[in-house]
Amino acid sequence: MPLKDFSHLERLSAADMNRYFMQQAHVIKSADESVASSTTLQNDNELLLAVAANTNYWVQGLIIYSATTAADLKVSFSGPSGSTFNYVSDAIGSSATAGVSTVSRSLQSLGSSPSPGGIGSGLANAVAFLPKGVLQVGANAGNLQLQWAQLASSATATIVHANSVLIIRRLTD
């Protein structure tokens, strides 16, 4: 996270306290975003956070999504060149047909594409992908960015819903 010089008598906001003193940042998705008939990963419109060079972060998220059992969800993360991100997807598998199912906790990395399962379209059938892990940023600052698509192309939209959240907490300089 970038450093900030506070000016004399500048009022600190709650966001300033979290970002510069607690060393954490978050983003909450404000609107549903949908993809139909596409298996090509695309950047989420809102779920990205700036990260500083040569810094480690704890990352966690609550990604609320809905997808048909035929389409499912394909996810990935991108980060600055030279970064590594070891995480678990903590989501139901692509063979799931109900919200109560086997959960995958296999180790993932930047650029890998786990495939959380879908159980139906619309918010009434929403499930969650709960990524968590350690991002190690190399010499290049940039963004940690959620990417997603349908695992199998379907005319029925796969949706990442509003109120999904991505959180980072700085571990070291």
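**Strands, rings and salt bridges**

Modeller: This is a predicted model. Strand E3 (residues 42–51) is joined to E12 by 6 bridges, and the two run antiparallel.

Biologist: Which residue of E12 does Leu48 stand opposite?
Modeller: Leu48 faces Gln145 in E12.

Biologist: What about E5, how does that pair with E12?
Modeller: Strand E5 (residues 74–78) pairs with E12 in the antiparallel sense, over 5 bridges. There, Phe77 stands opposite Leu146 in E12.

Biologist: How many of the 8 residues of E12 are buried?
Modeller: 6 of them, so strand E12 (residues 142–149) is largely enclosed by the rest of the structure.

Biologist: Back to Phe77. How many aromatic pairs does a search of the whole structure find?
Modeller: The search gives 4 aromatic pairs. One of them is Phe77 with Phe85: the ring centres are 5.3 Å apart and the planes are at 85 degrees, so this pair is edge-to-face. Phe77 and Phe85 are both buried.

Biologist: And Phe77 with Phe129, what is the geometry there?
Modeller: That pair is tilted, with 6.5 Å centre to centre and 40 degrees between the planes. Phe77 lies in strand E5 and Phe129 in strand E10 (residues 127–129), so the pair ties together parts that are 52 residues apart in sequence. Phe129 is buried, as is Phe77.

Biologist: Which residues do the ring pairs link into a cluster?
Modeller: Phe77, Phe85, Tyr87 and Phe129.

Biologist: New topic. How many salt bridges are there?
Modeller: The count comes to 4. Lys29 forms one with Glu33, where the closest N and O atoms are 2.7 Å apart. Lys29 also forms a salt bridge with Asp44, with the closest N and O atoms 2.9 Å apart. Asp44 is in strand E3 and Lys29 is in the loop between strand E1 (24–28) and strand E2 (33–35), so to speak distant parts of the chain, 15 residues apart.

Biologist: Are Lys29 and Glu33 buried or exposed?
Modeller: Both are buried, and Asp44 is buried too. A network of salt bridges links Lys29, Glu33, Asp44 and Glu46.

Biologist: What does Asp90 meet in a salt bridge?
Modeller: Its partner is Lys132, at 2.4 Å from N to O. Asp90 counts as buried at 8% relative accessibility, whereas Lys132 is partly exposed, at 28%.

Biologist: Last one: which residues make the nonpolar surface patch?
Modeller: Phe6, Leu12 and Met17 make a patch of about 230 Å². Leu12 is found in the segment before helix H1 (14–21), and its relative accessibility of 36% counts as partly exposed.

Technical notes: Residues numbered from 1 in each chain as written. Predicted model: local features only at pLDDT ≥ 70, side-chain atom pairs only at ≥ 80, totals over all residues. Heavy atoms only, no water. Buried < 20%, exposed > 50% of the residue type's maximum accessible area, 1.4 Å probe, protein only. Helix = DSSP H or I, 4+ residues; strand = E, 2+ residues; numbered from the N terminus. Pairing = 2+ DSSP bridges. Patch = residues over 30% accessible without salt bridge, like charges linked within 9 Å, V, L, I, M, F, W, Y side chains within 5 Å. Areas by Shrake-Rupley, 256 points an atom, 1.4 Å probe, with all protein chains shown as cover. Salt bridge = Lys/Arg side-chain N within 4 Å of Asp/Glu carboxyl O. Phe/Tyr/Trp six-rings, centres within 6.5 Å; stacked < 30°, edge-to-face > 60°.
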